[in-house]
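Dear colleague,

I am handing over the structure we spoke about, placed just below so that you can look at it while you read. My notes on what was found in it follow.

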Amino acid sequence: FSVVLSGRAELLAKTQRLGALDQRAVIRAALAPLACEEVLPYLQHRLKAAGRPGDVFASDSAQRIWEITQGIPRRVNQLGDLALLVGYADNLAQLGPLEIEAAAEELISIAA
């Protein structure tokens with residue numbers, strides 16, 4: 001059987017200390033932060049996979065997402081998901097930088 005471990009970079013160091021587990025690891029991969037120009041296609045792909053094709057995120061909103069998240073995929077996902085919720089609550093067809101800022105403020109208040 002196969003086991004998939006997914007986590008932060010620190011997980012790799014921990015698995016390497018467990019010799020038996022490390023010997024059985026076949027593939028190791030690390031996600032690098034997304035470049036600014038990769039954020040919008042990434043978000044569009046996620047929406048399409050969920051059944052919602054189209055331009056939900058404006059190009060300038062993707063720029064703002066990248067600035068706030070530093071392109072870290074997990075953070076892009078969190079901020080994008082919350083921005084979608086903000087847009088839904090406000091009945092918006094497209095999300096711009098203002099909605100991204102509102103979602104980012106909400107994330108900061110949740111984390112605090």
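Which residues is Thr15 in contact with, leaving aside its neighbours within four places in sequence? Before the answer, please keep in mind that this is a predicted model. Thr15 lies in helix α1, which covers residues 9–17, and, with those neighbours within four places left aside, Thr15 is in contact with Leu5, Leu21 and Asp22. Thr15 counts as buried because its relative accessibility is 13%, and the cut-off for buried is under 20%.

As for the whole protein, there are six helices and zero strands, so that the pattern read along the sequence is α-α-α-α-α-α. The radius of gyration of the protein is 17 Å, whereas a compact globule of 112 residues would have one near 13 Å. The C-alpha trace spans about 50 × 35 × 25 Å along its principal axes. Of the 112 residues, 25% are buried, and among the contacts between residues at least 6 apart in sequence, 58% join residues at least 24 apart.

On the side of α3 the contact is made by Cys36, Val39, Leu40 and Leu43, and on the side of α4 by Ser59, Ala62, Gln63, Ile65 and Trp66. Sorted by class, the contact of α3 with α4 has seven nonpolar residues, two polar ones and no charged ones.

Helix α5 (residues 73–89) holds Val76, which is buried, with a relative accessible area of 0%. Not counting residues up to four places away in sequence, Val76 touches Leu34, Val39, Tyr42, Leu43, Ile65, Thr69 and Gly71. Between Val76 and Val39 there are 7.8 Å in space, C-alpha to C-alpha, although the two are 37 residues apart in sequence.

With residues up to four places away in sequence not counted, Ser61 touches Leu95, Gly96, Pro97 and Ile100.

Note on methods: Residues are numbered from 1 along each chain as its sequence is written. This is a predicted model: local features need pLDDT of at least 70, side-chain atom pairs count only at pLDDT 80 or more; totals for chains, interfaces and linings use all residues. Side-chain values use heavy atoms; hydrogens and water are left out. Helices (H or I, at least four residues) and strands (E, at least two) are DSSP runs, numbered from the N terminus. Buried means under 20% relative accessible area, exposed over 50%, partly exposed in between (1.4 Å probe, protein chains only). Contact means heavy atoms within 4.5 Å. Ala, Val, Leu, Ile, Met, Phe, Trp, Tyr, Cys and Pro count as nonpolar, Asp, Glu, Lys and Arg as charged, and the others, Gly among them, as polar. The radius of gyration is taken over C-alpha atoms; the globule rule is 2.2 Å times the number of residues to the power 0.38.
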